[in-house]
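The following account leads the reader through a protein model, taking its helices and its sheet in turn. Please keep the sequence and the coordinates at hand while reading.

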Amino acid sequence: MSGNIELLSTTLAAAKAEDGAALIAYLPAGFPTVDGGIEAVKAVVAGGADVVEVGLPHSDPVLDGPVIQTADDIALRGGVRIADVMRTVREAYEATGVPILVMTYWNPIDRYGVERFTAELAEAGGAGCILPDLPVQESALWREHAEKHGLATVFVVAPSSQDARLATITAAGSGFVYAASLMGVTGTRASVGAQAQELVGRTRATTDLPVCVGLGVSNAEQAAEVAGFADGVIVGSAFVKAILDAPDEAAGLDAVRSLAGELAQGVRKR
């Protein structure tokens with residue numbers, strides 16, 4: 001079975017055709033439980049998310065701030081496994097029909113086996129992977145298997161990336177480019193800032209791939225600002241915090257559905 005890279009491409013193109021940006025929601029698998037995490041993905045899509053990133057919880061998530069680290073810790077203490085991540089992708093995709101990607105550090109894939117991981121992700125209906133710590137120059141084996149299975153390879157670029165480096169990264173990637181809006185870890189910010197807009201401009205000069213911005217967006221106003229210059233707006237910590245702050249699971253689902261609705265309005269308000 002082939003993965004859903006084409007669905008990802010058409011979804012991002014459709015948002016652009018409507019003169020807006022796609023809302024991309026991030027939620028870790030296994031948080032607050034495996035079943036609860038699947039329901040959370042369904043809730044953000046019901047609220048208006050166009051694409052979902054399912055996080056593969058990691059014991060040392062170097063890109064992630066304290067909110068996502070807390071969620072990862074809860075998932076890992078709950079015993080989450082790669083099989084649970086695949087189940088989350090499968091059930092979320094079957095229930096919603098939207099593109100579902102996995103965001104993961106390289107070590108778990110390397111230990112699991114690249115061929116096994118890509119084959120299982122494609123079979124589950126996944127659209128691809130975001131790989132924040134896989135160097136492009138070491139990515140040939142991954143890209144070969146991802147391409148074979150119809151999966152996107154999304155690399156992360158940062159404001160510190162030089163133009164020549166951006167060109168190397170974007171030439172190797174597929175699906176979209178993940179532009180980290182600022183230096184540092186994930187988390188909500190008071191403002192997303194001009195750094196992100198400059199990075200999107202420099203990235204676009206090297207590629208025709210959509211450029212989606214993450215790190216810092218937490219409300220409709222920020223989402224609208226980023227949608228003014230990016231193809232997609234990625235929101236993670238704000239969704240995770242909504243679940244962490246909720247008194248129970250039902251309230252958490254209501255909170256993420258409501259937040260997705262507000263953010264969706266923001267990205268489409270251009």
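**Helices and sheet in the predicted model**

Helix 4 (residues 82-96) lies across strand 2 and strand 3, and its direction makes about 160 degrees with that of strand 3. The model described here is a predicted one.

With strand 2 it pairs in the parallel sense over four bridges, and Gly 55 is found opposite Met 103 of strand 3. With strand 4 (residues 128-130) the pairing is again parallel, over three bridges; here Leu 101 faces Gly 128 of strand 4.

Helix 4 has a helical neighbour as well. Its axis and that of helix 6 (residues 114-123) come within 9 Å and cross at roughly 30 degrees. An angle under 35 degrees counts as roughly parallel, and helix 4 and helix 6 are therefore roughly parallel to each other. Helix 4 contributes Ile 82, Met 86, Val 89 and Arg 90 to the contact, while helix 6 contributes Phe 117, Glu 120, Leu 121 and Glu 123. Sorted by class, this contact of helix 4 with helix 6 comprises five nonpolar and three charged residues, with no polar ones.

Nine strands form an open sheet with parallel pairing, in the order 5-4-3-2-1-9-8-7-6. Strand 5 (152-154) and strand 6 stand at the edges with a single partner strand each, so one side of each lacks a neighbour in the sheet. Helix 1 (residues 5-17) packs on this sheet, where it touches strand 1 (22-28), strand 2 (51-55), strand 3 (100-103), strand 5 and strand 8; the direction of helix 1 makes about 135 degrees with that of strand 1.

Further along the order, strand 8 (residues 211-214) and strand 9 (residues 232-235) run parallel and are joined by two bridges, with Val 213 opposite Val 233 of strand 9. Strand 6 (residues 156-157) and strand 7 are likewise parallel and pair over two bridges, and Val 156 stands opposite Tyr 178 in strand 7. From strand 7 (residues 177-180), Val 177 and Ala 179 point one way and Tyr 178 and Ala 180 the other, and all are buried.

The loop between strand 6 and helix 8 (163-172) holds Ser 161. Is Ser 161 buried or exposed? Its relative accessibility is 11%, so Ser 161 counts as buried. Apart from neighbours within four places in sequence, Ser 161 is in contact with Leu 166 and Arg 202. Ser 161 and Arg 202 are 41 residues apart along the chain, and 9.6 Å separates their C-alpha atoms.

The axes of helix 2 (residues 34-47) and helix 12 (residues 249-267) come within 7 Å and cross at roughly 30 degrees, which makes helix 2 roughly parallel to helix 12. The crossing of helix 2 with helix 12 is right-handed. The residues that meet include Gly 36, Ala 40 and Val 44 from helix 2 and Leu 253, Val 256 and Ala 260 from helix 12. By class, the contact of helix 2 with helix 12 has eight nonpolar, three polar and three charged residues.

Definitions and conventions:
Residues are numbered from 1 along each chain as its sequence is written. This is a predicted model: local features need pLDDT of at least 70, side-chain atom pairs count only at pLDDT 80 or more; totals for chains, interfaces and linings use all residues. Side-chain values use heavy atoms; hydrogens and water are left out. Axes are lines fitted to C-alpha atoms, for helices over the stretch in contact, and angles run from 0 to 180 degrees between N-to-C directions. Angles under 35 degrees count as roughly parallel, over 145 as roughly antiparallel, 65 to 115 as roughly perpendicular and the rest as oblique. A crossing is left-handed if the near helix is turned anticlockwise from the far one by less than a right angle, and right-handed if clockwise. Contact means heavy atoms within 4.5 Å. Ala, Val, Leu, Ile, Met, Phe, Trp, Tyr, Cys and Pro count as nonpolar, Asp, Glu, Lys and Arg as charged, and the others, Gly among them, as polar. Buried means under 20% relative accessible area, exposed over 50%, partly exposed in between (1.4 Å probe, protein chains only). Two strands pair if DSSP finds at least two bridges between them.
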